Amino acid sequence: MFAEHEVVILVRDLPADGLTAGTLGTIVHVYDDHTFEVEFVTAGGGRTLAVTTVDAADLRPHTE
């Protein structure tokens, strides 16, 4: 399971939020129902693209 402040990668497109698979994000809140509020950012991390709630199946861990 994911934790707050963990860096993650989106695994599917979210067209309603303007996000595509591969977008980098940081978990900003973990809800009791095991969904996650994630702030998705540009590749350099300089600009927020969207903050949205997603399921664990929509994410994968970021590995360097």
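**Contacts, core and sheet**

Colleague: Leaving aside its neighbours within four places in sequence, which residues is Glu39 in contact with?

Modeller: Glu39 is in contact with Leu24, Gly25, Thr26, Val28, Thr48, Ala50 and Val51, contact meaning heavy atoms within 4.5 Å. This is a predicted model, in which local features need pLDDT of at least 70 and side-chain atom pairs count only at pLDDT 80 or more, while totals for chains, interfaces and linings use all residues. Residues are numbered from 1 along each chain as its sequence is written, and side-chain values use heavy atoms, with hydrogens and water left out.

Colleague: Where is Glu39 found, and is Glu39 buried, partly exposed or exposed?

Modeller: Glu39 belongs to strand β3; strands are DSSP runs of E with at least two residues, as helices are runs of H or I with at least four, numbered from the N terminus. With a relative accessible area of 26%, Glu39 is partly exposed (buried is under 20%, exposed over 50%, partly exposed in between, with a 1.4 Å probe and protein chains only).

Colleague: Which residues make up the largest nonpolar core?

Modeller: There are 12: Phe2, Val8, Leu10, Leu14, Leu19, Ile27, Phe36, Val38, Phe40, Ala50, Val54 and Leu59. A nonpolar core is a set of buried Ala, Val, Leu, Ile, Met, Phe, Trp, Tyr and Cys residues joined through side-chain atoms within 4.5 Å. At least two residues of this core come from each of β1, β3 and β4, and β3 gives the most, with three.

Colleague: What is Phe40 in contact with, its neighbours within four places in sequence left aside?

Modeller: Phe40 is in contact with Leu10, Leu19, Thr23, Leu24, Gly25, Arg47, Thr48, Leu49, Ala50, Thr52 and Leu59.

Colleague: Let us turn to rings. How many aromatic pairs does the structure hold?

Modeller: It holds one aromatic pair. The ring centres of Phe2 and Phe36 are 5.7 Å apart and the planes stand at 90°, so the pair is edge-to-face. Rings of Phe, Tyr and Trp (its six-membered ring) pair if their centres lie within 6.5 Å, with planes under 30 degrees apart counted as stacked, over 60 as edge-to-face and the rest as tilted. The pair links distant parts of the chain, with Phe2 in the segment before β1 and Phe36 in strand β3, 34 residues apart. Phe2 and Phe36 are both buried.

Colleague: Now the sheet: what is the strand order?

Modeller: The five strands form an open sheet in the order β4-β3-β2-β1-β5, with antiparallel pairing (two strands pair if DSSP finds at least two bridges between them). The edge strands, each pairing on one side only, are β4 (48-55) and β5 (59-61).

Colleague: How many bridges join β3 to β4?

Modeller: Seven bridges join them, β3 covering residues 35-41 and running antiparallel to β4. Within β4, Asp55 is the residue that stands opposite Thr35.

Colleague: Which residues form a salt bridge?

Modeller: Arg12 and Asp58 do, with their closest N and O atoms 2.6 Å apart. The count comes to one salt bridge when a side-chain nitrogen of Lys or Arg must be within 4 Å of a carboxyl oxygen of Asp or Glu. Arg12 sits in the loop between β1 (7-10) and β2 (24-30), and Asp58 in the loop between β4 and β5, 46 residues apart. Arg12 is partly exposed at 42% relative accessibility, whereas Asp58 is buried at 8%.

Colleague: Lastly, what is the phi of His5, and of His34?

Modeller: His5 has a positive phi of about 75° although it is not a glycine, and His34 has a positive phi near 65°. His5 is in the segment before β1 and is exposed, with a relative accessible area of 62%. His34 is in the loop between β2 and β3 and is partly exposed, with a relative accessible area of 48%.
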